[in-house]
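Please find below some notes for a colleague who is opening this structure for the first time. They are meant to be read with the sequence and the coordinates at hand.

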Amino acid sequence: CLLQDVAAVVRAAEQAAVSALVVVSEQAREFRSVVELSERFPGFVVPCLGVHPVQEISPEEQRSVTLKDLDAALPLIELYKDKLVGIGEVGLDFTPKFASTNEQKEEQRQVLIKQIELARRLDLPLNVHSRSAGRPTINLLKNQGATRVLLHAFDGKPSVAMEGVRAGYYFSIPPSIVRSEQKQKLVKQLPLENMCLETDSPALGPEKQVRNEPKNIYIAAEYIAKIKGIPVGEVIEVTTQNALKVFPKLQHFIRI
């Protein structure tokens with residue numbers, strides 16, 4: 001968690017020339033904190049609200065999402081809709097320890113479908129998690145007619161990701177690319193025109209089991225530039241424009 005020293009984290013990000021922080025939620029009880037964070041740092045921290053496929057019971061225990069988890073979440077998203085740049089983090093997570101049965105997987109699908117419908121009605125993009133469920137997630141998004149989609153930290157095969165590219169979806173790349181052969185293979189195949197940058201702080205940093213921060217986003221840009229054989233400035237320019245395409249309301253919150 002970054003909340004204990006959030007002011008220092010935000011200051012470090014600003015000093016690293018980060019233009020804005022898109023902050024996501026995972027469950028309804030976090031919604032107010034995310035919105036308050038955006039109010040504390042207006043024009044820099046911008047919120048997404050959504051229900052993640054894995055719900056935390058305690059720091060040591062997690063479970064697969066259920067439709068009941070939407071009961072508290074959906075009215076709050078409606079309440080805060082004018083403050084949001086997107087719906088997220090939503091998606092599917094078919095990691096066996098979370099979704100070991102077909103019933104659990106189907107309920108995750110139903111939760112995602114309801115949030116796709118909500119995003120369409122509110123005219124907001126989706127920030128999507130797809131761990132161990134790359135193809136099912138992309139297929140469901142396409143079948144439901146989702147158009148503005150950012151797939152974060154995609155862990156599937158490049159060939160599956162290209163199905164998302166053909167659907168017009170974007171993929172965000174975290175600093176953990178420096179130690180992930182899978183992410184490196186993904187970036188080799190993905191067009192830069194379909195990439196964004198992310199940190200997924202406090203996870204997915206350049207060093208395993210070391211807390212990640214938004215200031216590390218430049219590390220992802222540098223490594224993409226290295227793989228693509230292009231200047232890092234080009235990566236930053238194109239991925240920034242891509243972020244504005246997938247999150248058009250960002251233009252109202254920040255100055256770039």
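This is a predicted model: local features need pLDDT of at least 70, side-chain atom pairs count only at pLDDT 80 or more; totals for chains, interfaces and linings use all residues.

1. The UniProt record, an unreviewed entry, carries the annotation "binding site" for His-129 and His-152. These annotated residues are spread over 24 residues of sequence, yet they cluster in space, with a largest C-alpha distance of 5.9 Å.

2. His-129 belongs to strand E6, which covers residues 126–129, and it counts as buried because its relative accessibility is 8%. Setting aside residues up to four places away in sequence, His-129 touches His-52 and Pro-53, the run Glu-89, Val-90, Gly-91, Leu-92 and Asp-93, and also Thr-137 and His-152. The other annotated residue is therefore among the contacts of His-129, as the cut-off for a contact is heavy atoms within 4.5 Å.

3. His-152 lies in strand E7, made up of residues 149–152, and with a relative accessibility of 7% it is likewise classed as buried.

4. How many disulfides does the structure hold? The count is zero. For Cys-48, the closest cysteine sulfur is that of Cys-196, and because the separation is 12 Å, the two are too far apart for a bond; the cut-off for a disulfide is a pair of sulfur atoms within 2.5 Å. Both residues are shielded from the surface in the sense used here, since Cys-48 is buried with a relative accessible area of 0% and Cys-196 counts as buried at 3% relative accessibility.

5. Helix H3, residues 70–80, has Leu-70, Ala-73, Ile-77 and Tyr-80 as buried residues. Seen down the axis of H3, these buried residues fall within an arc of 105 degrees, so they line one face of the helix. The face of H3 turned away from that buried side carries Asp-71 and Leu-79, which are exposed.

6. What do the buried residues of H3 pack against? Their partners are helix H2 (31–40) and helix H4 (102–122), together with strand E2 (45–49) and strand E5 (86–91).

Note on methods: Residues are numbered from 1 along each chain as its sequence is written. Side-chain values use heavy atoms; hydrogens and water are left out. UniProt positions are given in the numbering used here, feature names are shortened, and annotations may be inferred rather than shown by experiment. Helices (H or I, at least four residues) and strands (E, at least two) are DSSP runs, numbered from the N terminus. Buried means under 20% relative accessible area, exposed over 50%, partly exposed in between (1.4 Å probe, protein chains only). The arc is that of the directions from the helix axis to the C-beta atoms.
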